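Dear colleague,

I am handing over the structure we spoke about, and my notes on what was found in it follow below. Please read them with the sequence and the structure open beside you.

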Amino acid sequence: MKRPTTVLLTALAPVSWGTTYAVTTEFLPADRPLFTGMMRALPAGLLLLALGRVLPRGVWWGKAAVLGALNIGAFFPLLFLSAYRLPGGMAAVVGSVGPLFVVGLSALLLGQRPTARTVLAGVVAAFGVSLVVLKAAGALDTLGVLAALASAASMSAGTVLTKRWGRPDGVGPLVLAGWQLTAGGLLIAPLAFLVEGAPPALDGRAVGGYLYLALANTAVSYWLWFRGIGRLTATQVTFLGPLSPLTAAVVGWAALGQALTPVQLTGMALAFGATVAGQRGGTGQRGGTGKGARHDTGRPHRRTDTTHAPARPADRADHADCAK
């Protein structure tokens with residue numbers, strides 16, 4: 001498959017994640033971010049495990065746990081925490097430095113030398129996102145800033161390690177996504193029950209919202225995301241991330257009646273331009289892994305049996321980043 005098609009399919013993941021905020025605020029119980037994270041990750045992971053019918057083997061039990069923690073289990077709670085504690089979309093702005101984290105980690109772990117154009121595109125993307133979501137309100141919360149930085153670093157590290165480690169022979173991106181979503185969901189589950197207590201009562205709207213998040217927004221989207229990591233460079237993939245807050249802003253305008261100012265439209269143009277530049281600024285490297293990557297040669301064990309945080313309505317702009 002040609003690279004432009006791969007880029008477009010991978011871009012569907014952050015576009016889908018950009019709808020998370022609208023779904024959580026309009027359909028799901030309020031103030032249950034950890035429960036929502038668990039309901040996104042664990043059912044989706046179990047579904048993909050059932051479809052793939054492949055379990056990790058050997059060192060991949062540990063690798064799947066590490067990747068699941070970085071991409072899902074740690075990323076979701078940190079993202080929600082930052083969104084609740086920071087004012088006016090600041091969590092999205094801090095999180096938008098993710099491409100710069102990936103550029104640095106790719107140089108260390110994948111041997112991909114960063115270019116001036118790539119670094120500049122990362123800075124422009126962050127600036128564009130800030131114009132779209134940033135509001136002048138409130139003082140910064142230290143814990144919120146640290147959580148936003150940690151969430152961006154967690155997802156960035158997971159993206160680069162997914163590229164470096166590749167996949168075992170015979171394992172496709174669907175199975176890899178299932179491993180990580182299940183591991184991440186299992187990590188979030190005890191935290192959700194410990195912090196938030198028993199699950200809330202769910203009506204028909206909530207059930208429909210959770211089904212959407214688990215299936216289209218998570219199972220399909222993370223399959224496309226990990227598929228893209230296998231075919232593009234880590235830098236190219238992460239530069240698609242700004243599409244998430246941009247989509248959230250468009251959905252807020254189209255479905256929730258939120259206005260888009262000229263400044264926001266300018267920011268959207270800058271961020272989108274930086275996203276396109278990030279695709280052109282990649283090394284052009286393809287294949288299942290990046291430079292220095294390792295493939296496991298052992299065959300996976302096959303099973304033989306058949307057997308973006310609920311946001312407060314008053315703070316909608318604050319949660320445009322809760323998209324992954």
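In which helix is the place of Leu47? Leu47 lies in helix H3, and please keep in mind here and throughout that this is a predicted model.

Leu47 is also one of the residues of a nonpolar surface patch of about 500 Å², which is made by Leu47 together with Leu51, Leu202, Val207, Leu211 and Leu215. Two helices, H3 (33-52) and H11 (204-231), each supply at least two residues of this patch, and the largest share, 3 residues, comes from H11.

The count of salt bridges comes to 1, and the partners are Arg32 and Glu196, whose closest N and O atoms are 3.4 Å apart.

Turning to the packing of helices, the axes of H4 (residues 60-73) and H5 (residues 75-85) come within 5 Å and cross at roughly 20°. Angles under 35 degrees count as roughly parallel, and H4 and H5 are therefore roughly parallel to each other. On the H4 side the contact is made by Ala69, Leu70, Asn71, Ile72 and Gly73, which meet Phe75, Phe76 and Pro77 in H5. Sorted by class, this contact of H4 with H5 has 6 nonpolar and 2 polar residues, and no charged residues.

With best regards

Methods. Residues numbered from 1 in each chain as written. Predicted model: local features only at pLDDT ≥ 70, side-chain atom pairs only at ≥ 80, totals over all residues. Heavy atoms only, no water. Axes fitted to C-alpha atoms, helices over the stretch in contact; angles between N-to-C directions. Helix = DSSP H or I, 4+ residues; strand = E, 2+ residues; numbered from the N terminus. Parallel < 35°, antiparallel > 145°, perpendicular 65-115°, else oblique. Contact = heavy atoms within 4.5 Å. Nonpolar A, V, L, I, M, F, W, Y, C, P; charged D, E, K, R; others polar. Patch = residues over 30% accessible without salt bridge, like charges linked within 9 Å, V, L, I, M, F, W, Y side chains within 5 Å. Areas by Shrake-Rupley, 256 points an atom, 1.4 Å probe, with all protein chains shown as cover. Salt bridge = Lys/Arg side-chain N within 4 Å of Asp/Glu carboxyl O.
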